[in-house]
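This briefing is for a reader new to the structure shown below.

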Amino acid sequence: MKKKWIIRLIISVLLISITGYVVKFLRTDDRPKVVVVLKDADTQYWEIVKAGAEKGFRDFDIDGKVIAPRYGSEADAQGFVLKSILAEHPDALVVSPFESPLVMSSLKKAAQSKIPVLLIDTDIPLENKTTYIGTDNFELGQKAGELLASGLQPGDKVALIAGDLTSSVISERIKGAILSFEAAGIKIAVEKTELPNESLPVRAAMTTILQQYPDVKGVFATTDIMALSALEVIRKHGNSIPVMGVDGIVKMVESIEEGVVPDTVAQNPYDMGYISVETAWKVIQGENVRKTVDTGIDLITKDNAEQKLDFLKKLLK
């Protein structure tokens, strides 16, 4: 009798366990689904954006994921990623878009399918976008130019190092910086543009600048990777020309803390990621949101570099 009771107990336990697994398998996750698509997965700037987005997923109880092609992928790779995401029909799509026809086509299809499309970091002329969350890149370039010019004299010459000028992000930064230089009486000796955001080609360009324009007194670069690569060459040649970047990545902030660079302006990539998810959540809840959400610009100096560095290292550890 006792043996039968034990067998029944074991069978009951097994049935309860199996039922639990079946229910868990069948249960639908009713949390809102948000997909964040970035430009690449390997640079520190985008790692910080991703950290902000993932914090947003946790805070707003969102079933979310961050997707990005590997560094150096063509714009069309992002277009194919977007096409596959559309088949999942997420509740909202957050994208830092490459400016390509395939990406634009995929985003138009998302909007036509009633999927809210929120642009992050890079604004493009997408007719039915829900909002743009990111930096005012003209203002960023303008403030960077002002800061660099403040340490120079009227008549001094600077060099500009930039990426693809067909990108609205890059072109707006350059326009803003040039406006500030003109206002301060600073002359532009040379512009090295269409450079990839990589160390080797920027170092080669900076070496050429030092050889051909020895009277250059400052350098403005459209990313921190470019700025730090230029700075490496300048120091190697025994010069102390000030260099201005715009992203606020760890190595740039470390350079300020160490006194190598006096100060810099920076975007807020963590806030960009977090606010984009928060805004997506609001849209899903039926709230109206602004067409542009400016995530601001930071001035990083010796006084606040340590605090900024601690924050970034906690995110990236």
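Leucine 119 has tyrosine 132 in β5 as its bridge partner. This is a predicted model, in which local features need pLDDT of at least 70 and side-chain atom pairs count only at pLDDT 80 or more, while totals for chains, interfaces and linings use all residues. Residues are numbered from 1 along each chain as its sequence is written, and side-chain values use heavy atoms, with hydrogens and water left out.

**Six-stranded sheet**
- An open sheet of six strands has the order β2-β1-β3-β4-β5-β11, with parallel pairing; strands are DSSP runs of E with at least two residues, and helices are runs of H or I with at least four, numbered from the N terminus.
- Two strands count as paired if DSSP finds at least two bridges between them.
- At the edges are β2 (63-67) and β11 (292-294), each of which pairs on one side only.
- From one strand to the next, the twist averages 15°.
- Strand β4 (residues 117-120) and strand β5 (residues 131-134) run parallel and are joined by three bridges.

**Four-stranded sheet**
- A further open sheet has four strands in the order β7-β6-β8-β9, and its pairing is parallel.
- β7 (187-192) and β9 (243-244) are the edge strands with a single partner strand each, so one side of each has no neighbour in the sheet.
- Strand β8 (residues 216-221) runs parallel to β9, and two bridges join them.
- Phenylalanine 220 has methionine 244 in β9 as its bridge partner.
- Helix α5 (residues 137-149) packs on this sheet and touches β6 (157-161), β8 and β9; contact means heavy atoms within 4.5 Å.
- The direction of α5 makes about 160° with that of β8, where angles run from 0 to 180 degrees between N-to-C directions and axes are lines fitted to C-alpha atoms, for helices over the stretch in contact.

**Helices α3 and α4**
- Helix α3 (residues 75-86) packs against helix α4 (residues 101-112) at an angle of about 20°, and their axes are 8 Å apart.
- The two helices α3 and α4 are therefore roughly parallel to each other, a term for angles under 35 degrees.
- Residues of α3 that meet α4 include Phe80, Leu82 and Leu86, and those on the α4 side include Leu102, Val103 and Leu107.

**Confidence**
- The protein chain has an average pLDDT of 90, and 90% of the residues score at least 70; pLDDT is the predictor's confidence in each residue, from 0 to 100.
- Residues 1-27 have a pLDDT below 50, and this stretch has zero contacts in the model beyond near neighbours in sequence.

Notes. Angles under 35 degrees count as roughly parallel, over 145 as roughly antiparallel, 65 to 115 as roughly perpendicular and the rest as oblique.
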